[in-house]
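I start with the charged pairs.

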Amino acid sequence: IIWSLFELLPFDGFLSEQAEQSEAKESDSRNGLIGLLYFKLVAVQLFHKWRCRDTIGCTLKAFFRSELNREIVITSNDCKEHISSAGYDIVAFVCGSFSVQVARGYDENLLFDFISDTEELDRRFFSGTIQSSGSLGRLLVPSLLKRQSFDTLRAVLKLQQKWFDKDHVCDVIRSFVVDRMSSDVSSIYGREAAAVGLACMKVIGPLFPELRDVFEHQHRLFDAKNFASDTMNISNDVI
């Protein structure tokens, strides 16, 4: 049904410069209405493809349920404003769903599908600003780290460098590793947390030579605490 509706819409007509410069208000209003409908159809397709939970955010629900008053003139610029207001939430939803699906099992095809869909959405509606703004990095890095999807994070960092602000990514990864490596190794939970930090350093570390000193320092501290806890029965708090 969605593809049948797609075929009824003019391809990218509402985004063309000719439409934007048109002096005919009726034509511009029609392009604006078509633009919003087209965007909603694409978004619905993305939700259907990437959904891994039953609900979406209240803001997006309101966006999809909103009805346009045909008595009001909606210009192409109005259309872009409406799309822009919902754009971040839609990208956040897709990123979150991608992270959840990856955590269930790494699949290279899933990664390439995600990259392709994100690039296509950005090209059609946002003129590349999503990929260049750093938003994708701010959404993906914490989410993939939280789920310990280090191989996927490494792959996307290498494939899509333009998505990421390197300084920001460094700060997030540093904080993640230091937090895990600071755990009490005398407890099972602490050892598991430290193991996660060690795995992150092993997989992600080579991509960030600027973090080498930090990682080496954390590794030495871990070895010292581990040795003290295992062989001398010294509490982690004393160390």
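I counted the salt bridges: the structure holds six. I took a salt bridge as a side-chain nitrogen of Lys or Arg within 4 Å of a carboxyl oxygen of Asp or Glu. The model is predicted; local features need pLDDT of at least 70, side-chain atom pairs count only at pLDDT 80 or more, and totals for chains, interfaces and linings use all residues. Residues are numbered from 1 along each chain as its sequence is written, and side-chain values use heavy atoms, with hydrogens and water left out.

**Entry: helix H6.** I looked up glutamate 120 and found a salt bridge to arginine 123 (3.1 Å, N to O). The two are three residues apart in helix H6, so about one helical turn separates them. Helices here are DSSP runs (H or I, at least four residues), numbered from the N terminus. Glutamate 120 is partly exposed at 32% relative accessibility; arginine 123 is partly exposed at 48%. For these terms, buried is under 20% relative accessible area, exposed over 50%, and partly exposed in between (1.4 Å probe, protein chains only). Glu120, Arg123 and Arg124 form a network of salt bridges.

**Entry: helix H10.** I checked aspartate 171 next. Its salt bridge is with arginine 174, the closest N and O atoms being 2.8 Å apart. Both sit in helix H10 (residues 166–181), three residues apart, so they are separated by about one helical turn. Aspartate 171 is partly exposed at 41%, and arginine 174 is partly exposed at 30%.

Entry: I found a salt bridge between aspartate 179 and arginine 180, with the closest N and O atoms 3.1 Å apart. Arginine 180 is partly exposed at 25%; aspartate 179 is partly exposed at 49%.
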